[in-house]
Amino acid sequence: MQCQDDWFKQYGERALNHFGRITQPIVLTENNAWRKQYRWGYGDNEDRYYMYNMCTGEERPLTDAQFRDENYTLNT
């Protein structure tokens, strides 16, 4: 942990300035809480890819193409 502490003392300010400081909290709502998920060991009756809402626990199935599309978002 000492190496990590030494690195942050030397480069921490520069890293925060480069990646951007968060000045306002990021608020998770039902509309922006959707995340793509992958189900391992799925059966015939289950969807392998799905969108999961971190707030409500809701799941919506995705196709393989939708899951792999980095620009795909769920329009709610």
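Student: Why does Glu 59 count as partly exposed?
Tutor: In this predicted model, local features need pLDDT of at least 70, side-chain atom pairs count only at pLDDT 80 or more, and totals for chains, interfaces and linings use all residues. Residues are numbered from 1 along each chain as its sequence is written, and side-chain values use heavy atoms, with hydrogens and water left out. Glu 59 has 41% relative accessibility. Buried means under 20% relative accessible area, exposed over 50% and partly exposed in between, with a 1.4 Å probe and protein chains only, so Glu 59 counts as partly exposed at its 41%.

Student: Where does Glu 59 sit, and which residues is it in contact with?
Tutor: Its place is in strand β3, residues 59-62; strands are DSSP runs of E with at least two residues, helices are runs of H or I with at least four, and both are numbered from the N terminus. Leaving aside neighbours within four places in sequence, Glu 59 is in contact (heavy atoms within 4.5 Å) with Arg 39, Tyr 50, Met 51 and Tyr 52.

Student: What makes the Glu 59 and Arg 39 side chains a polar contact?
Tutor: The distance is 2.7 Å. A polar contact is a pair of N or O atoms within 3.5 Å; within protein, one must be able to donate a hydrogen and the other to accept it, and residues adjacent in sequence count only if both atoms are side-chain atoms. The side chains of Glu 59 and Arg 39 make such a contact.

Student: Which residues make up the largest nonpolar core?
Tutor: Five of them: Trp 34, Tyr 49, Met 51, Leu 62 and Leu 74. A nonpolar core is a set of buried Ala, Val, Leu, Ile, Met, Phe, Trp, Tyr and Cys residues joined through side-chain atoms within 4.5 Å. With neighbours within four places in sequence left aside, the contacts of Met 51 include Trp 34, Leu 62 and Leu 74. Overall, buried residues make up 13% of the 76 residues in the protein chain.

Student: How does the radius of gyration of the protein chain sit against that of a compact globule?
Tutor: The protein chain has 19 Å, whereas a compact globule of 76 residues would have a value near 11 Å. That radius is taken over C-alpha atoms, and the globule rule is 2.2 Å times the number of residues to the power 0.38. The C-alpha atoms fill a box of roughly 55 × 30 × 20 Å along the principal axes.

Student: What order do the elements of the protein chain run in?
Tutor: From the N terminus on, they go α-β-β-β-α, for two helices and three strands.
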